[in-house]
Amino acid sequence: MKRLLALTAAAFLTLPLTPAAASPAGTPGAPGAGDPYFPDQGNGGYDALHYDLTLDYDPSSGRLSGRAAISARATQALSRFNLDLVDTLSVRSVTVDGRPATYTQSGSELVVTPARTLRDRRGFSVVVRYDGNPSHVIDPDGSKDGWIKTNDGVFNANEPQGAITWYPGNHHMTDKATYRYTVTVPSSRVAVANGDLVRQATKGGRTTYVWNSREPMASYLATVSIGTFGLTDRRIGGYRVTTAVDPQATGDATGFAERHPPALDFFSELFGRYPYSSTGGIVDHAPEVGYALETQTRPIYPRVPGESLLAHELAHQWFGNSVTPTLWRDIWLNEGFATYSEWLWSDKLGTQTVQAAFDEAYARPAEDEFWQTPTADPGGPENLFHAPVYDRGAMTLHVLRRAVGDDTFFAILRAWAGRYRYGNADTAAFVALSERVSGKDLGGLFDAWLFKPGKPSL
Ligand SMILES: [Zn+2]
C-alpha cells in the first residue's frame, strides 16, 4: 500500500491541472500493488477484509459457478477499482453496496465502476457472480498454479498467482483477509478448504461443505480442493486435525493425522504458539503436480509426505502464512525458514543433525552457480523457488544462530513470529529485529549471506 500511495502522489505531481486529491468524484484505484515480480498482482485503493465464496463445481463438466461477496474498506476516495480474475471466466454481474456496478474484464483485471464514488476509509461490499471452466496458469518457472484439474477433481494451489484462476479478489499477499467457503460438489466428491469445517449437508445427490477461515490469509494460501477424499476431523493432542486423503494417493497414509501434533508441539516450543484454530493436510493423487504447498492451516501434497516435507509445510504456518513477506523477492523469509525447520525436525528425530545438514549444503564448490544468487533477491519470478532461496536461506539462519547463540537465536524467531503475527514483514525488518534482540551489529554477516553473490567464508 505504501508503494501505491507514492505512485498516486507522483501522478498528481505530473498532472497539476487535475485537482484529483480534492475531487469529490474520487480517483481510480491502482491496477497493481507495486510488486516488481508480478506488477499486475493486487490492486490499490482498498483493503479487502473478508471473502464469502459460494462455489458450485461439477468435476465431470469442469464447470464452476461462483458468487464472491467481498467486504472491503476504501483507502482513498474511489471512482473505480480493480479485482484480479482471469477473463476466461465470465462475470455475469457486479454490485457494490447492493447497487449494480459497471465492469470490464481484460486479462487478469476486472475493473469495477460503482454507481457512486466510494468514500475514503469507509467500508463497502462487492458481490461478483461469475462462471466458466477454470484452468490453471503456467508460472514464470514453468510450473502449474491455480485450479489444477485431477482425474477426480481439483488440486488447488495458488502460489504465486493461481488465485486469479478461480475467484475475484485483491490477490497480492499484502492484503490479507478472512474467508468463508460454501462449496457444493457431487456427493461422490469432497470439497476441502482452509480453516474449520463448519458443516456439511447432502441434498439431491449433491453435498455442500462450509469452511471458515477465521485468521487473516493471503490469497496465495487459499485452497478449495476437490476429489474422492476420505475426510477425518478429530481432536488429537491440543489440535483440531482435519485431513483429506485421496485413496489413490501414492504412499502409505496410515497415521497421517496423528503425525501432525508432535511436529506442531516441537515448533510451538521453538517459535511460539501455533497461529491457527485447526491444522491437518490434503493428500491428493496428482502425479503431474511437482510440488506441495503450505496452504493455510491445511497444506496440500501431491502424494503422502515424508517427515521432512510434513515439517517444512507445517513450519510455514508460522513463517510465510502468519508472517508473510511484503514483496515476492523476500521469499527466503518463507523458504529459508521452512528449510531450516526441516533441519531442526530431522535433528530432533535423530535422522541428521542441523550442523550436518548445513555442512552438506555449504559443501557446494565456490564456483557452483548456486552461490551467485543472493538469498534476499533471487533476481526474478522465474527464480522464486530456486535452490538458493531454500538452502542458502537456511544456511543464513544457521550462521546467525552460531553468531548469536541458541537462546538469542530462538528469541529472535519467537519475536519475529510474535511481532508480525498475521501481518507482513520484509528482509530489512528481519535484519533490524535480529540486531535489536541480539544487541549485535550483524551487518557484515547479513551482507555476505543475504545481499552479495559469492560463497561466504565461515
Ligand atoms: Zn516451502
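Modeller: Please bear in mind that this is a predicted model.

Biologist: Let us turn to helices. How do the axes of H2 and H4 cross?

Modeller: Helix H2 covers residues 260–271 and helix H4 covers residues 332–349; their axes come within 11 Å and cross at roughly 115 degrees. Angles of 65 to 115 degrees count as roughly perpendicular, and H2 and H4 are therefore roughly perpendicular to each other. The crossing of H2 past H4 is right-handed.

Biologist: Which residues meet there, between H2 and H4?

Modeller: From H2, the residues are Pro262, Ala263, Phe266, Phe267, Leu270 and Phe271. They meet Ser341, Leu344, Trp345 and Lys348 of H4.

Biologist: Now the strands. How many residues of E20 are buried?

Modeller: Strand E20 spans residues 279–283, and five of its five residues are buried, so that the strand is mostly covered. Thr279, Gly281 and Val283 point one way, while Gly280 and Ile282 point the other way.

Biologist: Which strands does E20 pair with, and in what sense?

Modeller: Strand E19, residues 239–245, pairs with E20 in the parallel sense over five bridges. Within that pairing, Ala244 has Ile282 as its bridge partner. E20 also pairs with strand E21, residues 300–301, in the parallel sense over two bridges. There, Val283 has Tyr301 as its bridge partner.

Biologist: There is also a sheet of eight strands; what is its order?

Modeller: The sheet is open, with mixed pairing, and its order is E6-E5-E9-E3-E2-E13-E16-E15. Its edge strands are E6 (99–100) and E15 (196–203), each of which pairs on one side only.

Biologist: How many bridges join E2 to E13 in that sheet?

Modeller: Seven bridges join strand E2, residues 46–58, to strand E13, residues 177–186, and the two run parallel. As an example, Thr54 stands opposite Thr182 in E13.

Biologist: What holds paired strands together in general?

Modeller: Strands of a sheet pair through backbone hydrogen bonds, in either a parallel or an antiparallel arrangement.

Terms used:
Residues are numbered from 1 along each chain as its sequence is written. This is a predicted model: local features need pLDDT of at least 70, side-chain atom pairs count only at pLDDT 80 or more; totals for chains, interfaces and linings use all residues. Side-chain values use heavy atoms; hydrogens and water are left out. Buried means under 20% relative accessible area, exposed over 50%, partly exposed in between (1.4 Å probe, protein chains only). Helices (H or I, at least four residues) and strands (E, at least two) are DSSP runs, numbered from the N terminus. Two strands pair if DSSP finds at least two bridges between them. Axes are lines fitted to C-alpha atoms, for helices over the stretch in contact, and angles run from 0 to 180 degrees between N-to-C directions. Angles under 35 degrees count as roughly parallel, over 145 as roughly antiparallel, 65 to 115 as roughly perpendicular and the rest as oblique. A crossing is left-handed if the near helix is turned anticlockwise from the far one by less than a right angle, and right-handed if clockwise. Contact means heavy atoms within 4.5 Å.
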